[in-house]
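These are my notebook entries on one predicted model. I looked up its pockets, the contact between its chains and a few loop residues.

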2 protein chains.
Amino acid sequence: MTYCVAVKLNAGMVFLSDSRTNAGLDQISTFRKMIVYEKPGDRFMCLLSAGNLSISQSVREILQVEQLTDPDGGEPITIWNAKSMFDAARVLGSAVRHVYERDGDALQRAGVDFNASMIFGGQVRGEGMRLFQVYSAGNFIEATAETPFFQIGESKYGKPVLDRVIAPETPLDEAAKCVLVSMDSTLKSNLSVGLPLDLAVYEANMLQSDKITCIDNDNPYFKMLHKTWGQKLREVFDEIEQPTWDDAHTDVPLLTEHPRNPPLKKITNSSEKLI
Amino acid sequence: MTYCVAVKLNAGMVFLSDSRTNAGLDQISTFRKMIVYEKPGDRFMCLLSAGNLSISQSVREILQVEQLTDPDGGEPITIWNAKSMFDAARVLGSAVRHVYERDGDALQRAGVDFNASMIFGGQVRGEGMRLFQVYSAGNFIEATAETPFFQIGESKYGKPVLDRVIAPETPLDEAAKCVLVSMDSTLKSNLSVGLPLDLAVYEANMLQSDKITCIDNDNPYFKMLHKTWGQKLREVFDEIEQPTWDDAHTDVPLLTEHPRNPPLKKITNSSEKLI
């Protein structure tokens, strides 16, 4: 499994990926799932991938030489000359389809799904930042202000904190902290997601980034965050009052039955004759 | 979808279920997923169900008349006379198999999985409390001190807080609070889980319970918990320091690269000739 998340904010973008892959539980390896394409001053693009590793590695390889015909008769479009992130995402979708043409039938015969999902985001000079989620059919969707983040892989454990924190106005460092908390919850609950992590933070309109780092068990910030979040979560939990029941005479909020709710079905004995 | 959770503690047991069912996104209804079987002073049992509603309703119906042959030649074993929760769980498994015999083939022809999962726990006079998870094949597993809770349905969003809080020593009211927080996270992230909730709290060796309540939007405790947990979580998140980067001169923990990590693959331009 895998967990990758990317966020698009007014201030920039944040990308985070784990590095565990597994084929069954007894074959666990470490593969980096993030790759950055950068031509400083012209374009910054970051690709995160989940799913079948042979597919995503092939896509990454092909992506570098993939090209689309320009409808206006110009140079073929590649990720290096695409005039928009939308066109770059189309090139990526096309690379996925090439891998499908090559491997799809054989995978199907072997009973293996053509399973690949990717997050692809960044900025090309001349337009704003854009963030896409690309599916295994090569089609894609784009993040908007209402849904400013995408997750792929094991996304559920880490979603509540993103839902609570992330908005377009969120500052970059706060978003970096948030995706790391999201990853921390996922690491805690799912063995198939593992360290080290790759984190890339991109500031809007810089068209390059040096805030790219690999985070392992020894990373002082992640260690602090893991410990503090766990402790404080527990403190907050302890601070919330325990429930008290209807017949308790207290001023605290009660667990009380609302008159409109029909009572739970409680069967007090077998009323029907046994066969 | 559904979310149900049950916890076995030294002090007793806690059961919680939502009540949303859906067949597709455009057919959403409310069905209670908890049922209590109680013979005060003799046995208390609580059943939570997820999966295909027609299957779980049939199982509940059949369970009341289901019986197993006693290998010692005594009375047939039912949930009302079983001498142990293990035997009662066997009766439940047998009820599931009866529904499979009746509906399995027809469901398969219609392309519908025989999908049912249940949590079944309680206490029969003469032995301790026991908690089981029953699968659609009628087989089951039992909770132990190392894994004192089971979840069925949409379990992932609400698992991190259970992992952090629940242990056999957890007091009953704290566990009730914890499953409600777990449900709150699930409600926030998944539309297919919805109010009202059914909560049952059972104190060890009481062999009955009146702490059973239906919780809806107007429940004062759940309203307080929902609001406080969201607010405090946000406060805790804000209290954690933001990450700072290598070149910052500060005393706070840094996001810093460990020397043993190979740098991320950053492709600065297409080095290969386009085809």
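**Entry 1. Pockets**

I began with the lining of the largest pocket, to which H1(A) gives the largest share, five residues. The model is predicted, so I note the conventions: local features need pLDDT of at least 70, side-chain atom pairs count only at pLDDT 80 or more, and totals for chains, interfaces and linings use all residues. Residues are numbered from 1 along each chain as its sequence is written, chains are lettered from A and ligands numbered from 1 in the order in which they are written, and side-chain values use heavy atoms, with hydrogens and water left out.

I took a pocket as an open set of points on a 1 Å grid over the protein atoms alone, where a 1.4 Å probe fits, with protein on both sides within 12 Å along at least five of seven lines; lining residues have an atom within 4 Å of a point. A volume is the space filled by probe spheres set on the points, which are joined across faces, edges and corners. Helices (H or I, at least four residues) and strands (E, at least two) are DSSP runs numbered from the N terminus.

For the largest pocket I recorded a volume of about 510 Å³. It has 25 lining residues, and nearest its centre lie Thr21(A), Asn22(A), Gly51(A), Asn52(A) and Leu53(A). In chain A, strand S3 (20-22), strand S6 (43-51) and helix H1 (53-63) each supply at least two lining residues. I sorted this lining into six nonpolar, 14 polar and five charged residues, where Ala, Val, Leu, Ile, Met, Phe, Trp, Tyr, Cys and Pro count as nonpolar, Asp, Glu, Lys and Arg as charged, and the others, Gly among them, as polar.

The second largest pocket has a volume of about 370 Å³. I found 21 residues lining it, with Thr21(B), Asn22(B), Gly51(B), Asn52(B) and Leu53(B) closest to its centre. By class, this lining holds five nonpolar, 12 polar and four charged residues.

**Entry 2. The contact between the chains**

How many residues does the contact take from chain A and from chain B? I recorded 83 from chain A and 83 from chain B, contact meaning heavy atoms within 4.5 Å. About 8600 Å² is buried between the two chains, and carbon and sulfur atoms give 60% of it; buried area is the accessible area (1.4 Å probe) that two parts lose on being put together, summed over both. On the chain A side, Arg164(A), Phe237(A) and Trp245(A) lose the most area to chain B, together 10% of what that side buries.

I noted 10 salt bridges across the interface, each a side-chain nitrogen of Lys or Arg within 4 Å of a carboxyl oxygen of Asp or Glu. Glu38(A) pairs in this way with Lys266(B), with the closest N and O atoms 3.4 Å apart.

**Entry 3. Loop residues**

I placed Asp70(B) in the loop between H1 and helix H2 (85-109) of chain B. Leaving out residues up to four places away in sequence, Asp70(B) touches Glu75(B) and Ile77(B).

Most residues other than glycine have a negative phi, and most peptide bonds are trans. I found a cis peptide bond between Leu195(A) and Pro196(A), with omega about -5°. Leu195(B) and Pro196(B) are also joined by a cis peptide bond, with omega about -5°. Asn205(B) has a positive phi, near 70°, and sits in the loop between S11 and strand S12 (211-215) of chain B.
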